[in-house]
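Here are my notes on this model. Please read them with the structure open.

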Amino acid sequence: MKLIREPQALIGLLEEGELAETMKRELAETLTALNEAAGPKGKANGHVTLKLNLKVEAGMVTIQSDLTSKRPKEERRSTVFWVTEDGALSTQHPRQHDMFEGPRAVPSRSQDAVGE
């Protein structure tokens, strides 16, 4: 009779060894993602969790594993727009004129206003 007393031996036997391989891969991918998110001087948190659900029936145990991980979300850049009065988005401030748009018409002044 072969007794299994060590947790690492049990994990190696679960799912015909596939669980250990999946856990090894998940741990490596999570560490890589955390390292990239932290950068050279930053910090990043995450986890890899192995949960073993045990069901005993008539002297026999069934073990169902649940492997989860949490990695940092990929940072996305933000984009700034302005909202116009009618609720549309604009890439230009609605109250400012585009200086690259070309020359604008200059309002004409009457002769009376110029002589004063």
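How many residues does helix 2 have, and how far does helix 2 reach from its first C-alpha to its last?

1. The model is predicted. Helix 2 covers residues 18-38, which is 21 residues. From first C-alpha to last, helix 2 reaches 30 Å. That is close to the 30 Å expected at 1.5 Å a residue.

2. Next, burial. In helix 2, L19, E26, T30, L34 and A38 are buried. These residues cover an arc of only 90° around the axis, so they lie on the same side of helix 2. Note that E26 and T30 are on the buried list along with L19, L34 and A38.

3. What do the buried residues of helix 2 pack against? Their partners are helix 1 (7-13), strand 1 (47-57) and strand 2 (60-70).

4. Turn to the other side of helix 2. There, E18, K24, N35 and E36 are exposed.

5. Check the residue after the helix. G39 follows helix 2, and its phi is positive, near 70°.

6. Now the surface. L52, L54, V56 and V61 form a nonpolar patch there. Together they have about 370 Å² of accessible area. Strand 1 gives the largest share of the patch, with three residues.

7. Is L54 buried or exposed? L54 sits in strand 1. Its relative accessibility is 59%. The cut-off for exposed is over 50%, so L54 counts as exposed.

How values were computed: Residues numbered from 1 in each chain as written. Predicted model: local features only at pLDDT ≥ 70, side-chain atom pairs only at ≥ 80, totals over all residues. Heavy atoms only, no water. Helix = DSSP H or I, 4+ residues; strand = E, 2+ residues; numbered from the N terminus. Expected span 1.5 Å × (residues − 1). Buried < 20%, exposed > 50% of the residue type's maximum accessible area, 1.4 Å probe, protein only. Arc of directions from axis to C-beta. Contact = heavy atoms within 4.5 Å. Patch = residues over 30% accessible without salt bridge, like charges linked within 9 Å, V, L, I, M, F, W, Y side chains within 5 Å. Areas by Shrake-Rupley, 256 points an atom, 1.4 Å probe, with all protein chains shown as cover. Salt bridge = Lys/Arg side-chain N within 4 Å of Asp/Glu carboxyl O.
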